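Visitor: I would like to hear the terms tested against the values. Please walk me through them.

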Amino acid sequence: MMEDLQDFIARSLTEYAEDVKQIVNEAEKNVGEGAVKELKKTSPKQTGNYKKGWTKKIQNKGRGIKKVIVYNKNEPHLTYLLEHGHAKRNGGRVAAKVHIDPAAAKAAEEFEKTVREELSR
């Protein structure tokens with residue numbers, strides 16, 4: 001009787017952990033795609049190459065843990081310069097065009113909201 005209860009609890013916890021892992025992985029994928037769309041929409045455009053370069057990759061960290069990395073494949077060196085501004089060659093500064101921080105904050109908020117909603121079901 002007691003062993004059956006222990007087995008039931010162990011199975012239930014294992015199933016719950018798998019459900020949570022699946023919910024988190026799905027939320028990561030969807031929120032990552034949303035962040036890429038947001039950045040493509042809000043990025044500064046001169047030639048369009050920078051704006052079109054946003055993509056994501058999913059990196060396995062082991063034990064079912066994944067990490068979603070959103071990055072610019074076309075012009076990665078411009079991300080910091082555009083986000084924070086930079087000095088001009090002959091003096092003065094180029095103003096920052098903040099577009100990454102708001103997208104990251106929105107993605108983090110959306111991720112947390114999605115996971116909380118799915119876990120409460």
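Guide: Start with K21, which touches R63 and G64, not counting residues up to four places away in sequence. Contact here means heavy atoms within 4.5 Å. This is a predicted model, where local features need pLDDT of at least 70, side-chain atom pairs count only at pLDDT 80 or more, and totals for chains, interfaces and linings use all residues. Residues are numbered from 1 along each chain as its sequence is written, and side-chain values use heavy atoms, with hydrogens and water left out.

Visitor: Why is K21 called partly exposed?

Guide: Its relative accessibility is 29%. Buried means under 20% relative accessible area, exposed means over 50%, and partly exposed is in between (1.4 Å probe, protein chains only). The value for K21 falls in between, so K21 counts as partly exposed.

Visitor: Where does K21 sit?

Guide: K21 is in helix α1. Helices (H or I, at least four residues) and strands (E, at least two) are DSSP runs, numbered from the N terminus.

Visitor: What does K40 contact, leaving aside its neighbours within four places in sequence?

Guide: K40 is in contact with K51, K52 and W54. As for K41, its C-alpha atom is separated from that of K52 by 9.2 Å.

Visitor: What makes α1 roughly antiparallel to α4?

Guide: Two packed helices are described by the angle between their axes and the distance between the axes. Helix α1 (residues 2–42) and helix α4 (residues 100–120) pack at about 150°, with axes 9 Å apart. That angle makes α1 roughly antiparallel to α4. The cut-offs: under 35 degrees is roughly parallel, over 145 roughly antiparallel, 65 to 115 roughly perpendicular, and the rest oblique. Axes are lines fitted to C-alpha atoms, for helices over the stretch in contact, and angles run from 0 to 180 degrees between N-to-C directions.

Visitor: Which residues of α1 and α4 meet?

Guide: From α1, the list includes Y16, V20, I23 and L39. From α4, it includes I100, A103, F111 and L119. The residues of this contact divide into 14 nonpolar, 1 polar and 5 charged. Ala, Val, Leu, Ile, Met, Phe, Trp, Tyr, Cys and Pro count as nonpolar; Asp, Glu, Lys and Arg as charged; the others, Gly among them, as polar.

Visitor: How do you know whether H99 is buried or exposed?

Guide: H99 has a relative accessible area of 3%. That is under 20%, so H99 is buried. H99 lies in the loop between β4 (93–94) and α4. Apart from residues up to four places away in sequence, H99 touches L39, T42, S43, P44, Y50, W54, L82 and E83.

Visitor: Which backbone oxygen does the H99 side chain reach?

Guide: The side chain of H99 reaches that of K97, at 2.6 Å. In helix α3, the side chain of T79 reaches the backbone oxygen of P76 at 3.0 Å. Leaving aside neighbours within four places, T79 is also in contact with Y50, W54, N72 and I100.

Visitor: And K73: buried or exposed?

Guide: Its relative accessible area is 52%, so K73 is exposed. K73 lies in the loop between β2 (65–72) and α3 (78–84). K73 touches G53 and T55, not counting residues up to four places away in sequence. The C-alpha atoms of K73 and Y50 are separated by 8.4 Å.

Definitions and conventions
Polar contact = N/O pair within 3.5 Å; in protein donor to acceptor, adjacent residues only side chain to side chain.
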